[in-house]
Structure formats: C-alpha cells, structure tokens
Amino acid sequence: MAAKYLASEKLPAWLAELAASRVVLVPVKERDAVVFRPYSEGVKPVLDRQANVPPKASIFPASESLMSFKYIKNPEDLGQVAVEVHETVDAPPTVVFGGRPCDVRGFNIFDRVYDCPKVQDPYYKARRENTLFVTLACEDAENACFCHWVGSSPSDPVGSDVLLTPIQGGYLVEDVSKRGKALLSSKLLADGSKRSTEAKAVHKAALESLGEVWNPEKAPAKLLEKFDDMGFWEDVSAKCVSCGACTYLCPTCYCFNVTDERSGMKGERIRTWDNCMSYLFTLEASGHNPRPTKAHRLKNRVGHKFSYYPDIHEGIFACCGCGRCIKLCPVSVDIREIVRLAVERPTAKPEKS
Amino acid sequence: MTTLPNPYLPEIATVVETFPETPSIKTFRVVLNNPERMKAFSFKPGQVGQLSVFGVGEATFVINSPPTRMDYLQFTVMMAGEVTSKLHSLNVGDQVGVRAPLGNWFPYDTLKGKSVVFVGGGIGMAPLRTLLLYMLDNRKDYKDITLLYGARSPDDMAFKYDLPDWTTRKDMSTTLTIDREAPGWEHKVGLIPNVLLEMNPSPKNTVAITCGPPIMIKFTLQALQKLGFGDDQIITTLEKRMKCGVGICGRCNIGTKYVCMDGPVFTYAELKQLPNEL
C-alpha cells in the first residue's frame with residue numbers, strides 16, 4: 001500500500017482531474033440533506049459529516065431501464081404485430097468520492113446476491129466493474145453509528161479502492177486495490193509515507209469514539225426463536241409508521257420491483273427500489289398477504305439483516321452499521337435496540353391459535 | 001466466473017392456441033419464436049415461468065404441459081389482476097415474453113417405483129397435471145397412480161378435456177368431486193379432505209402430492225396425516241408474489257428460502273422447518 005498526501009487546497013484540482021474522464025459523485029448539500037451528486041467545477045463536497053443518503057444509487061439506481069421493447073405492425077397484414085426487446089445496460093465509468101466505509105461495505109452485501117454462481121445481474125455487474133470508490137475514513141462517530149457491531153470500523157478499507165484519512169492540513173491517501181493504485185499516480189499527490197502514524201491515530205480515536213462493542217453473533221438463532229412471538233414484534237414495531245425511509249436510505253437494502261411503462265408502440269421494463277415495509281410488497285393476487293401487519297414486516301426486515309442473510313452468507317450481517325435507519329427514522333425505531341432485545345429478552349411462548 | 005445470460009430478458013413467444021377452462025380461467029399454449037431455442041428448451045415437471053405482456057408486466061405460472069410433450073408450453077391463468085386480465089384478452093398470433101424454466105421441480109426421479117396420490121383443488125390442478133402427464137408418459141416407472149380432483153362446481157373444473165382419459169384409463173384411478181350437488185354430476189360430492197379420507201389410500205410406499213387453495217391444503221394435510229402419511233411423504237407447491245424469479249428481489253422469501261429458487265415444490269417436512277410465514 002502506497003501512502004500519499006493530498007493537501008486540502010489541492011482537493012478541487014484532484015476532483016477535476018478525476019472528473020475529466022469519468023463521472024465523479026461527491027457528497028454535496030442539497031437543501032438540508034447531504035446527497036451524492038456529479039462533481040463539476042465549483043461544487044463543494046461536504047466531507048465533515050456522513051451523507052444523509054448513501055451512494056447506493058451509483059451501482060443500484062433508484063430507477064433504471066432493464067430493457068426497451070417495441071411493437072412493430074406488419075405493413076402487409078396490420079393484424080400481425082411483432083415485438084422486439086433490447087437490453088439497456090448503462091454503466092458509465094464512475095468514481096464515488098467521499099463515501100464512508102459503511103457506505104462502501106454495503107456493496108459487499110449486494111455482491112453475494114447480485115453477482116454469484118447462481119445468478120448474475122448484468123446491470124449491477126457492469127456498474128460495479130466501472131465504478132471506483134475513494135472512501136473517507138471517519139474521524140468521529142455519529143450518535144447512531146454502530147459499524148463496529150457488524151465487523152467493520154470507521155477506517156474499514158473493505159470494498160474501497162482508495163482510502164483517505166483526514167490528517168493535519170489534508171488527507172493521507174492510501175491505495176487499497178490495484179485499480180485504486182492507478183488513481184494515485186496524480187502529480188497533485190505528494191509523498192505521505194511519513195504520515196501513516198498520524199492516520200493510525202485518527203483511526204484509533206474514531207473507533208474509540210464508537211464506544212462499547214456489542215456482538216450480535218447470537219442474533220440469527222434468537223431472531224428465529226422469536227419468530228412466533230408476535231407480542232415482541234408488535235412491541236418493537238409499535239411506533240413504526242411504515243414510511244420505508246429505513247429501506248430507501250439503507251446501503252444494504254436491495255429489494256426491487258419491476259414494472260412496465262408503455263407509450264404507444266414503445267415502452268420500457270423498469271426496475272425500481274422497493275420497500276419491504278409496505279403492505280403491498282408481499283400481497284398476493286388471491287388477496288392473501290403473508291406479512292399483513294407492520295409487526296410482520298419489521299420482523300422480516302430485521303430477520304433478513306440479522307438472521308436469514310447471515311445464515312446463507314457465512315455469518316455476514318446484511319447491515320453495515322451506518323445508523324441511517326435510526327437517525328432518519330421519523331419515530332426513532334432503533335434496529336440496534338430490536339436486535340439486542342431479541343437476544344436478551346426471554347421469548348414468550350406462542351399463543352395457541 | 002463465466003458470464004451467465006441476462007436473467008431478466010424474456011424469450012419472445014407466440015400464442016398458438018387459447019381456450020377457456022372455466023369462466024375465470026383461461027389456458028394459453030405458446031411457442032418460442034426462435035425455433036432452435038424452442039427445440040433446445042427443457043424443463044422439469046413443476047417448474048414455473050414468468051409470462052409477460054410487454055407494456056403491462058409479468059406474472060408467474062407453472063408450465064402445466066409435461067416435458068414429454070414439447071410441441072408447445074401450456075400456461076393456465078386465473079384472472080386476478082392487471083397482467084392476468086391482459087393475458088385473458090390475448091389471441092392466437094399475439095406476442096408474449098417467457099422467462100422459463102424457473103424454480104425447482106417435483107422429485108419425479110425419486111418417485112420411481114412408488115405409488116403416487118395426487119390431490120388437486122381448482123386451479124391447483126395445474127402443477128399436478130404436468131407431473132401426472134409426465135408419469136402417464138413414463139407409466140412403467142411408477143406404481144399405482146391415484147387422482148383426486150375437486151372444484152367448487154362442475155363449471156369450475158379446469159382441464160375438462162383431460163377428464164375422459166383420466167377417468168377411463170385402466171392404469172390410474174380417478175375420483176372427481178364438487179362441493180355441492182349439481183344437475184347432471186355423476187361423480188362424488190363433498191369437500192376434498194373428506195373425500196380423501198373416504199378413499200383411504202394406503203401410505204405404504206406412497207407419496208401424496210397436493211396443490212390447491214390454502215384452506216384446502218391445510219385440511220388435506222390434516223387428512224393425509226390421519227391416513228398415516230409421514231411429513232416426507234407429502235409434497236406441495238407454494239404460491240407467492242414473485243418478481244425477479246431468481247432469488248434477488250426479496251418478496252417471496254420464507255426465512256432463508258426463496259420460493260422462486262428453492263421452491264415452489266416443498267415436502268411437508270421441509271415446510272415444517274421454515275418459519276411460520278405462509
């Protein structure tokens with residue numbers, strides 16, 4: 001790993017250099033929220049706080065076309081109509097700049113589902129291959145951060161191509177991947193080999209600011225044990241308003257819907273983010289709904305992240321501990337509290353039906 | 001890792017035949033437009049497919065023709081929503097999308113040398129039809145074949161064109177039932193689980209396969225247990241809302257299992273292992 005140094009005043013020049021040949025997404029303030037938007041000259045990245053919205057859309061857009069289709073009438077026989085379908089993969093070269101380790105770790109959760117031996121999602125895969133992550137290590141924890149609970153840390157390099165650490169006067173810039181190393185050839189970067197100790201101190205302080213670690217290793221079994229304890233689920237979901245903010249703002253939530261849009265003889269098949277906290281998510285054509293109440297739906301959301309996914313994927317939790325589902329929940333539902341209670345509170349025997 | 005084909009891209013197919021089964025159920029026979037792909041297409045009894053009308057959307061149906069009869073792929077559709085309504089309005093020559101085969105299948109291989117009792121209710125006969133026809137086309141591989149097929153009324157009974165064969169052939173035993181007396185009905189009257197108990201099939205070296213409305217399945221499972229069928233001698237198929245069909249989009253999971261990939265076919269023993277979320 002090569003250590004370089006970027007002086008703060010050279011940051012705009014480096015971003016401009018990176019943006020010369022690709023889309024560079026940076027966190028910027030838009031009204032009251034910090035969101036990722038393409039960099040252009042004059043844009044001021046917000047790097048002193050976690051973005052409200054993670055850069056999930058860089059690889060998994062909120063809405064994208066999977067294919068276009070066209071109905072074509074046979075001029076000889078207007079009753080005969082053929083249909084043509086075209087795949088629409090859109091994956092411009094991109095750099096995501098200034099995301100936090102938790103934001104990037106989210107894609108490692110996606111990878112096991114979207115690009116695995118059973119199935120490969122070509123849209124996801126193309127963007128994953130064309131996107132680099134220049135990640136910013138955190139200096140300080142925010143009040144809902146818990147990345148250290150799920151095996152990560154404020155300076156976790158997993159999934160990043162380059163790791164930046166804020167140090168006096170600028171950033172220590174370290175390559176994590178081979179592709180990241182190529183970004184370090186910029187003449188704007190100075191030698192940083194003597195400043196690694198400074199960066200390590202930042203990493204240590206940030207980890208300490210997160211406080212005590214709580215280990216959720218018993219969560220997968222305990223959540224299953226509580227599956228039929230609907231009193232527990234009604235209790236922990238009582239204040240939930242089913243708004244779905246937790247899913248849309250989560251770097252590891254990957255559920256989607258597919259719908260067709262047609263205009264005249266043409267149209268598109270569209271994939272959009274979907275939300276397991278919505279009643280309609282599992283409503284079947286017959287009218288039966290296996291998850292009819294918000295208690296059932298929150299149970300699935302927490303169960304997926306802390307039980308089902310780790311059971312399938314070598315114990316890895318489908319949660320990166322970014323805390324957005326806690327911070328940005330309008331009624332402060334706290335997933336940490338739910339998982340802890342599931343592990344620590346005795347399970348009630350199911351009522352006989 | 002080798003690159004797999006795009007799992008969301010449907011094959012274009014032409015509707016070659018359509019006919020009503022009941023007032024709310026219609027059957028479509030489709031053929032893939034690419035003759036080589038149609039020739040190479042293979043599936044196993046019980047597998048499903050996503051049928052789409054471009055501009056309206058996709059929905060999941062079992063391929064209810066057997067893999068031993070590959071002139072067409074047959075789908076039987078009950079009108080329930082937007083996509084199924086549009087499917088009901090299609091005519092011969094219309095173009096649809098097919099993503100198939102998806103999911104798992106009936107264990108037709110391990111059933112060899114065993115007797116099979118089919119218990120189908122209403123549209124739930126569709127997946128059973130595939131396996132039943134497959135077994136009849138490979139009759140020597142299986143022992144006794146018994147079918148109990150029920151519907152609310154004679155009008156609600158699908159696959160009427162199969163019934164003359166199924167009720168008369170010597171190498172299977174067929175019982176048809178409806179819920180209430182109807183003029184001209186010459187078969188049984190009574191709810192499926194009750195008729196099944198009357199039939200009293202032996203569980204010895206036998207597997208029961210059932211599909212139908214949830215309430216029918218619930219009481220049929222109880223009847224089968226009364227008759228002495230073990231949990232691994234009962235097989236059913238699950239219906240769930242599905243979108244991607246390849247285990248990603250997240251709505252058809254029951255705990256760690258995805259009905260679109262790990263199902264739709266499950267033994268009762270497997271179902272009992274899953275969280276209670278049917």
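**Ground rules.** I am working with a predicted model, where local features need pLDDT of at least 70 and side-chain atom pairs count only at pLDDT 80 or more, while totals for chains, interfaces and linings use all residues. Residues are numbered from 1 along each chain as its sequence is written, chains are lettered from A and ligands numbered from 1 in the order in which they are written, and side-chain values use heavy atoms, with hydrogens and water left out.

Entry 1: I first wrote down the rule: a salt bridge is a side-chain nitrogen of Lys or Arg within 4 Å of a carboxyl oxygen of Asp or Glu. Side chains of opposite charge can pair when their charged atoms come close. Searching the whole structure, I got 32 salt bridges over all chains. A:Lys222 and A:Glu225 make one of them, at 3.9 Å from N to O. How far apart are A:Lys222 and A:Glu225 in helix 6 of chain A? They are 3 residues apart in that helix (residues 219-225), so about one helical turn separates them. For accessibility, buried means under 20% relative accessible area, exposed over 50%, and partly exposed in between (1.4 Å probe, protein chains only). A:Lys222 is partly exposed at 26%, and A:Glu225 is partly exposed at 44%.

I found A:Arg340 and A:Glu344 in a salt bridge too, with the closest N and O atoms 3.8 Å apart. These two sit 4 residues apart in helix 11 (residues 335-344) of chain A, so again about one helical turn lies between them.

**Entry 2: a salt bridge between strands.** B:Glu17 and B:Arg29 form a salt bridge, the closest N and O atoms being 3.1 Å apart. This pair links distant parts of the chain: B:Glu17 is in strand 1 (residues 11-22) and B:Arg29 is in strand 2 (residues 25-32) of chain B, 12 residues apart. Buried or partly exposed? B:Glu17 is partly exposed at 32%, whereas B:Arg29 is buried at 11%.

**Entry 3: a sheet in chain B.** I traced an open sheet of 7 strands in chain B, in the order 10-9-8-7-11-12-15, with mixed pairing. Strand 10 (188-189) and strand 15 (265-267) are at the edges with a single partner strand each, so one side of each has no neighbour in the sheet. Two strands pair if DSSP finds at least two bridges between them. Strand 9 (residues 173-178) and strand 10 of chain B are parallel, with 2 bridges.

Contact here means heavy atoms within 4.5 Å. Helix 5 (residues 192-199) of chain B lies across strands 7, 8, 9 and 10 of chain B. B:Leu196 belongs to helix 5 of chain B, and B:Leu196 is buried, at 0% relative accessible area. Leaving out residues up to four places away in sequence, B:Leu196 touches several residues, among them B:Val117, B:Leu148 and B:Ala223.

**Entry 4: where the chains meet.** The contact takes 39 residues from chain B and 49 residues from chain A. What salt bridge does B:Arg251 form? Its partner is A:Asp274, with the closest N and O atoms 2.3 Å apart.

Technical notes
Axes fitted to C-alpha atoms, helices over the stretch in contact; angles between N-to-C directions.
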